[in-house]
Amino acid sequence: MADLRLALLLNAVSPAVGGVLVRGEKGTAKSTAVRALSALLPPVAVVADCRFSCDPAAPDPLCPDGPHPEVRAVDRPARMVELPVGASEDRLVGALDIERALSEGVKAYQPGLLAEAHRGLLYVDEVNLLHDHLVDLLLDAAAMGASHVEREGVSVRHAARFLLVGTMNPEEGELRPQLLDRFGLTVEVAASRDPRERAEVVRRRLAHDADPAAFAAAWAAQEAELRERVVRARALLPKVALSDRRLRQIAATCAAFEVDGMRADIVVARTATALAAWDGREEVLTADVRQAALLALPHRRRRNPFDAPGLDEEKLDRALEEFDEDDEGPDDDGPDGPGGGPQGPAEDGPGGDAPEGGAQDTSPSQAPEQPGPAPRGAGEAGPGTGGGDTAQEPADAPEPASGEEAGQGSAAPAAGAAEQPAVAAHEPFRTRRLDVPGLGEGADGRRSRARTAHGRTTGARRPRGALGRLHLAATVQAAAPHQRARGRSGTGLVLRRDDLREAVREGREGNLVLFVVDASGSMAARRRMGAVKGAVLSLLLDAYQRRDKVGLVTFRGSGAELALPPTSSVEAGAARLERLPTGGRTPLAAGLLRAHEVLRVERMRDPSRRPLLVVVTDGRATGGPEPLSRAARAASLFAADGTASVVVDCESGPVRLGLAAELTRSLQGTLVTLDELRADNVTSLVHSVRGHRVAA
């Protein structure tokens, strides 16, 4: 937790650092730590009665509540505004009353969360699950420092500068690269494995639950001291000097790690300056640059979605030493944490077993017992160690199928062998797009056609509940015939609620892509399984880019298993695939039945998300009586449900049985070979499942 506390407090000292992204497993107090930050932020001076928190020293001349000719300043606590994952666009940017705008000619605007967060903190829990259109609005506001609301020619603009803090569990999927780069710093958080530390966490939680007021009072003194230290650091920040040597050191470090763009250099410079101010110094040291790089660079080094954020600390030290021309003092342990140093609190915190001497004497296992961050100890997981990235943990390998491989016959040469070790996947490639036929109404994505809140306008309809996007032409057309009967006398339209029409838009949705992968002995030949894994990895990458959920069912030996329940984390799917063993019989029917059950449950959980079944097999089926007939009957269940399906035929060699084509007919799906899956092997990248179904 030391890195987390340090990153949050550095942003409190210098909001220009650009916010914090907190990555970690569930139950590690990510949200608790972020919510505690608002109590340490200094009060904010605002113009009285301004809904947009204008600064009395320089009111926004374009403020919707302005102009402010007579400024009356008031102080209020800094706000922490939470953006729910399921928030609407109007809740985020604000809502315009289009009916009043058309009939009365006034801009009736209700501010949204961006206005509330101006000059404060905007917190997004589970930020990786935020809808794409909300991410786009956040990116625009973060880039311009302002929010613009446009509705059918009616426009409102207001300032929106805020500290962006997000938390996420990597198991549930990664962030879009554009939003990831907007976070100045990133921190990996993992639960302590020290029994004493875990016991202290429970002890404090129970004490808080028993008497919240007394618990808060016990820590009030240290919290007040931290707040004062933030104020002192803010005052010192303009005096901190960043020498040309340190600036070259920062630039060389960012270049050595091949980060994209220039934002990393700027963030590292700002973070190093804030570190010096936090320690009460007016000069940036090498240790400041090192700590800043550890916080600012890991999430900027990813080259593909399956790369875990991380930083090679030995490489970092080499880059720093190369451009550090002379000794600057004892840098080995980095800058003192907020609990140590010349201005840090020296007394123990109340309750628990906190060691004497303040946070600067705290061991890594005791770090969470102090309210302020301490330097990273040798045993702590920092950014890049991957300590909290549980998305990369493999699934338990299935038990070897002993004694069941006999009698496979010549159709599967490797089927009689024991479980084979995992085979490395071939290099992924760009795949042709596979989409679900028809018109859906699922979550915004980039795969199949759907009615969405964004996209091209295809028609108009009466509003269902609150008015969404107004279809101006249809609204005027509905109201025009009744103007004389309604006694229109002025220039504005006489509108009634029944006249309003909202736009019907068509865009793209994300789907649930469920992979059913044959891991049996018939696929165990190393060259074939490597190609199969490469194909599935390519499809996973395509699913990441198209905002799909993914799941993975594997079958081998005596049955099938759900290796990856449906999730937004394609990284988890790639990790399971990498460690997938092979060997045993080919229970194709069991794999299909398991997949059918998974889709049945998911339809109840999320009925609007349409599934796409991708079966990766050579079509062989063994084990039990009439295995091919049982597989065909299982496949017909998907056809009866109308589930779109694709069969990737992995059969190779001069003699081919064509069993994958028979399976495709039972599924009423689409058949593609591994070669046909590549986008560069077809003339068109758009491949409709409906248009290429195998004739029954």
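1. In the hairpin of strand 17 and strand 18, with 2 residues between the strands, Gly 557 takes a positive phi near 65 degrees. Strands here are DSSP runs of E, at least two residues, numbered from the N terminus. Two strands pair if DSSP finds at least two bridges between them.

2. Before going on, some ground rules: this is a predicted model, where local features need pLDDT of at least 70, side-chain atom pairs count only at pLDDT 80 or more, and totals for chains, interfaces and linings use all residues. Residues are numbered from 1 along each chain as its sequence is written, and side-chain values use heavy atoms, with hydrogens and water left out.

3. Back to strand 17 (residues 549-556): 8 of its 8 residues are buried, so it is largely enclosed by the rest of the structure. Buried means under 20% relative accessible area (1.4 Å probe, protein chains only). Lys 549, Gly 551, Val 553 and Phe 555 point one way, while Val 550, Leu 552, Thr 554 and Arg 556 point the other. In a regular strand the side chains alternate between the two faces of the sheet.

4. Now its partners. Strand 16 (residues 512-518) runs parallel to strand 17 over 7 bridges, with Val 513 partnered by Val 550. Strand 18 (residues 559-567) is joined to strand 17 by 6 bridges and runs antiparallel; Leu 552 stands opposite Leu 564 there.

5. Elsewhere, 3 strands form an open antiparallel sheet in the order 13-15-14. Strand 13 (444-452) and strand 14 (456-461) are the edges, each pairing on one side only.

6. Strand 14 and strand 15 (residues 502-509) pair over 5 bridges in the antiparallel sense, and Thr 457 has Arg 505 of strand 15 as its bridge partner.

Note on methods
Helix = DSSP H or I, 4+ residues; strand = E, 2+ residues; numbered from the N terminus. Buried < 20%, exposed > 50% of the residue type's maximum accessible area, 1.4 Å probe, protein only.
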